[in-house]
Amino acid sequence: MFGGDTLYELRCSLQLAETEREGGFSPHISPFTAVNDLGHLLGRAGFNTLTVDTDEIQVNYPGMFELMEDLQGMGESNCSWNRKALLHRDTMLAAAAVYREMYRNEDGSIPATYQIYHMIGWKYHDSQARPAERGSATVSFGELAKLNNVMSQGKKE
């Protein structure tokens, strides 16, 4: 799922333009969850072996309106109930200019940053194998280094 600082460039540009043109701003992009909230959510759902991983991807677009068209196609338009229904044309044009001025790449494109969260949670079950008791290993990790040396000597012969 998307989360964190996803689309921070677009959010900042819209906020600056709307504040300048209309004297205040309202959210025009759906809110994103924080990574620690996902861990808490999984824990409350009864998962006890949790992993949450983050990837950050930057996609370049010709302009802000192409980015917004892509977001609409993904179904990622704002779903907030209390959002302002209309954003004026001059505010949109000002936001596009702010976006281009603040974040433009050398080739003239604009970046859009997506933070993607991947979550894994486990619940133990009686049918699952359990971890071995601490100290029950029959081979030490130190022996693995010797195995590596033996393998490398075998390749030389």
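How many aromatic pairs does the count come to? The count comes to three aromatic pairs. The model behind this count is predicted. Two of the pairs are walked through below.

Start with Tyr8 and Tyr103. Their ring centres lie 6.1 Å apart, and their planes meet at 85°. Planes over 60 degrees apart count as edge-to-face. The pair of Tyr8 and Tyr103 is therefore edge-to-face. This pair links distant parts of the chain. Tyr8 belongs to helix α1, which covers residues 8–22. Tyr103 belongs to helix α4, which covers residues 89–103.

How much of each tyrosine is accessible? Tyr8 has a relative accessibility of 34%, so Tyr8 counts as partly exposed. Tyr103 has a relative accessible area of 17%. Buried means under 20%, so Tyr103 is buried.

Tyr103 has another partner, Tyr99. Here the distance is 5.7 Å centre to centre, with 75° between the planes. This aromatic pair is edge-to-face. Tyr99 and Tyr103 both lie in helix α4. They sit four residues apart, about one turn of the helix. Both Tyr99 and Tyr103 are buried.

Now step back to Leu7, in the segment before α1. Its phi is positive, at about 60°, although Leu7 is not a glycine. Is Leu7 buried or exposed? With a relative accessibility of 3%, Leu7 counts as buried.

A ring also features in the next contact. Lys123 lies over the face of Phe47, at 5.2 Å from the ring centre.

Next comes the surface. Which residues form a nonpolar patch there? They are Phe141, Leu144, Leu147 and Met151. Together they have about 480 Å² of accessible area. Phe141 is found in helix α5, which covers residues 141–156. The relative accessible area of Phe141 is 75%. Exposed means over 50%, so Phe141 is exposed.

Finally, look at the confidence of the prediction. The protein averages a pLDDT of 85. A score of at least 70 is reached by 92% of the residues. Which element has the lowest mean pLDDT, and which the highest? Among the elements of the protein, α5 has the lowest mean, 72. Helix α4 has the highest, 95. Helix α4 holds Tyr99 and Tyr103, while α5 holds Phe141.

Terms used: Residues numbered from 1 in each chain as written. Predicted model: local features only at pLDDT ≥ 70, side-chain atom pairs only at ≥ 80, totals over all residues. Heavy atoms only, no water. Phe/Tyr/Trp six-rings, centres within 6.5 Å; stacked < 30°, edge-to-face > 60°. Helix = DSSP H or I, 4+ residues; strand = E, 2+ residues; numbered from the N terminus. Buried < 20%, exposed > 50% of the residue type's maximum accessible area, 1.4 Å probe, protein only. Lys NZ or Arg CZ within 6 Å of the ring centre and 35° of its normal. Patch = residues over 30% accessible without salt bridge, like charges linked within 9 Å, V, L, I, M, F, W, Y side chains within 5 Å. Areas by Shrake-Rupley, 256 points an atom, 1.4 Å probe, with all protein chains shown as cover. Salt bridge = Lys/Arg side-chain N within 4 Å of Asp/Glu carboxyl O. pLDDT = per-residue confidence, 0-100.
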